[in-house]
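The following note sets out numbered points for a colleague's review. Please read them alongside the sequence and the structure.

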Amino acid sequence: MESQTIVEALLLGLLEGLTEFIPVSSTGHILLAGHFLGFHSTGKAFEILIQLGAILAILSVYFRRLWQMLLDLPHDRLTRHFAIGILIAFLPAAIIGALAHDFIKTVLFESPRLICIMLIIGGVVLLAVDRMNFKPVYRDVERFPTRLYLQIGLFQCLSLIPGTSRSGSTIVGALLLGVDKRAAAEFSFFLAIPTMVGAFAFDLFKNRDVLSSADLPIIAVGFVAAFVTALIVVRFLLDYVSRKGYALFGWWRLVVGGVGLVALMIWG
């Protein structure tokens with residue numbers, strides 16, 4: 001295995017962890033970076049499988065809370081309401097993603113121009129929403145009405161288009177529906193757990209026949225890098241968005257999308 005490939009996997013893993021939980025589209029960044037680096041993984045599995053590192057990062061940060069929820073689940077009505085709400089929010093994207101998996105991986109994932117355009121569109125939307133003077137109605141993720149969980153889940157379906165962002169679509173949807181900024185990011189964290197675990201398991205199953213032991217070192221390097229970086233991001237993101245909002249990420253998307261389009265025009 002070439003050392004260059006390991007270095008590329010390290011860089012992509014760091015990028016995955018940095019961008020997974022902020023509304024800038026980790027998949028879009030990974031696919032664009034892979035395109036310009038000339039990095040190609042078997043069945044595009046690397047881009048999905050290294051998300052396990054980010055999943056474990058958020059599980060480690062929320063371990064105590066998740067463990068307490070698991071203990072409370074049999075006898076606490078509020079905990080059951082929240083668990084069912086996460087499941088309801090998870091199902092729309094899970095169903096559509098499973099049905100359209102091959103189209104997403106073979107068509108949408110192969111279009112760097114589409115990714116750049118979606119980054120720019122999402123950046124404009126994020127900046128516009130961040131400047132709106134909402135009066136939050138919902139501040140506690142465990143007490144959302146059932147219909148709100150479903151509505152946020154429907155927004156998450158937009159993230160099946162690479163460059164849109166899973167966290168971006170859920171956060172923007174939540175803000176438009178009356179959720180305050182901190183709670184919008186926090187619910188996006190919780191919703192990420194079943195969504196990313198589901199995507200990881202489904203993609204691993206779909207690629208079970210084409211993955212080989214030669215892919216494991218690359219995936220392992222990306223996994224560790226994603227875990228460490230995501231751990232840092234998750235620990236600081238809620239406080240940041242509570243104080244500063246989401247404008248930084250809107251500008252981030254505009255810059256990356258714009259630079260990506262220019263680079264595609266120059267180098268293809």
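Predicted model: local features only at pLDDT ≥ 70, side-chain atom pairs only at ≥ 80, totals over all residues.

1. Contact here means heavy atoms within 4.5 Å. Leaving aside neighbours within four places in sequence, Ile55 is in contact with Met196, Val197 and Phe200. Ile55 has its place in helix 4, where helices (H or I, at least four residues) are DSSP runs numbered from the N terminus. With a relative accessibility of 2%, Ile55 counts as buried; buried means under 20% relative accessible area, exposed over 50%, and partly exposed in between (1.4 Å probe, protein chains only).

2. Residues are numbered from 1 along each chain as its sequence is written, and side-chain values use heavy atoms, with hydrogens and water left out.

3. Two packed helices are described by the angle between their axes and the distance between the axes. Helix 4 (residues 51-61) and helix 12 (residues 216-244) have axes that come within 7 Å and cross at roughly 40°. Axes are lines fitted to C-alpha atoms, for helices over the stretch in contact, and angles run from 0 to 180 degrees between N-to-C directions. Helix 4 and helix 12 are therefore oblique to each other (angles under 35 degrees count as roughly parallel, over 145 as roughly antiparallel, 65 to 115 as roughly perpendicular and the rest as oblique). The crossing of helix 4 and helix 12 is right-handed, that is, the near helix is turned clockwise from the far one by less than a right angle.

4. On the side of helix 4, the contact with helix 12 is made by Leu52, Gly53, Ala54, Leu56, Ala57, Ile58, Ser60 and Val61. Helix 12 contributes Phe223, Ala226, Phe227, Ala230, Leu231, Val234 and Arg235. By class, this contact of helix 4 with helix 12 has 12 nonpolar, two polar and one charged residues (Ala, Val, Leu, Ile, Met, Phe, Trp, Tyr, Cys and Pro count as nonpolar, Asp, Glu, Lys and Arg as charged, and the others, Gly among them, as polar).

5. How many aromatic pairs does the structure hold? There are 12, rings of Phe, Tyr and Trp (its six-membered ring) being paired if their centres lie within 6.5 Å, with planes under 30 degrees apart counted as stacked, over 60 as edge-to-face and the rest as tilted. The rings of Phe21 and Phe189 have centres 5.6 Å apart and planes at 85°, so this pair is edge-to-face. Phe21 lies in the loop between helix 1 (3-19) and helix 2 (26-37) and Phe189 in helix 11 (residues 181-206), so the pair ties together parts that are 168 residues apart in sequence. Phe21 counts as buried at 1% relative accessibility, and Phe189 counts as buried at 1%.

6. Phe82 and Tyr149 form a tilted aromatic pair, 6.4 Å centre to centre with 50° between the planes. This pair links Phe82 in helix 6 (residues 77-99) with Tyr149 in helix 9 (residues 146-156), 67 residues apart. Both Phe82 and Tyr149 are buried. One aromatic cluster includes Phe21, Phe82, Tyr149 and Phe189.

7. Most residues other than glycine have a negative phi. Ser25, in the loop between helix 1 and helix 2, has a positive phi near 75° and is buried, with a relative accessible area of 3%.

Conventions: Helix = DSSP H or I, 4+ residues; strand = E, 2+ residues; numbered from the N terminus.
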